[in-house]
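Morning, everyone. Please take a look at the structure on the screen, and I will walk you through it.

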Amino acid sequence: MPAIVGPVQVVNNSDGIVQFGDSLIISPKSTGKSNSGSGAANTGAFVVTNNGLSASNVLDTNLIDQPMIGNN
């Protein structure tokens, strides 16, 4: 259905899709993997993290974790 779109402000679009109007299928795909130590992903206005010893040892024997090909 047609739509009337007024003023639009896009502040941030990081690896995404912005669609205005008609669409049949929108299927964005992305994969990612991250490793972080203790206290690395804390968010907030006031964060205190005390770590005596922090280590991230990663052994990844998988060749493919999440295939994107053919994953519709």
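One term before we start: contact means heavy atoms within 4.5 Å. Also, keep in mind that this is a predicted model.

Start with Thr31. Which residues is Thr31 in contact with, leaving aside its neighbours within four places in sequence? They are Gln66 and Met68. Take Met68. In sequence, Thr31 and Met68 are 37 residues apart. In space, their C-alpha atoms are 7.6 Å apart.

Next, Lys33. Not counting residues up to four places away in sequence, Lys33 touches Asp60 and Asp65. Lys33 and Gln66 are 33 residues apart in sequence. C-alpha to C-alpha, that pair is 9.8 Å apart. Lys33 has a relative accessible area of 51%, so it counts as exposed. The cut-off for exposed is over 50%.

Now the surface. Val5, Val8, Val10, Val18 and Phe20 make a nonpolar surface patch of about 430 Å². Within that group, Val18 is partly exposed, because its relative accessible area is 39%.

Finally, the whole protein. How many helices and strands are there? Zero helices and zero strands. The protein has 72 residues, and buried residues make up 0% of them. Its accessible surface comes to about 7100 Å². Carbon and sulfur atoms account for 51% of that surface.

That is the tour. Thank you.

Methods: Residues numbered from 1 in each chain as written. Predicted model: local features only at pLDDT ≥ 70, side-chain atom pairs only at ≥ 80, totals over all residues. Heavy atoms only, no water. Patch = residues over 30% accessible without salt bridge, like charges linked within 9 Å, V, L, I, M, F, W, Y side chains within 5 Å. Areas by Shrake-Rupley, 256 points an atom, 1.4 Å probe, with all protein chains shown as cover. Salt bridge = Lys/Arg side-chain N within 4 Å of Asp/Glu carboxyl O. Buried < 20%, exposed > 50% of the residue type's maximum accessible area, 1.4 Å probe, protein only. Helix = DSSP H or I, 4+ residues; strand = E, 2+ residues; numbered from the N terminus.
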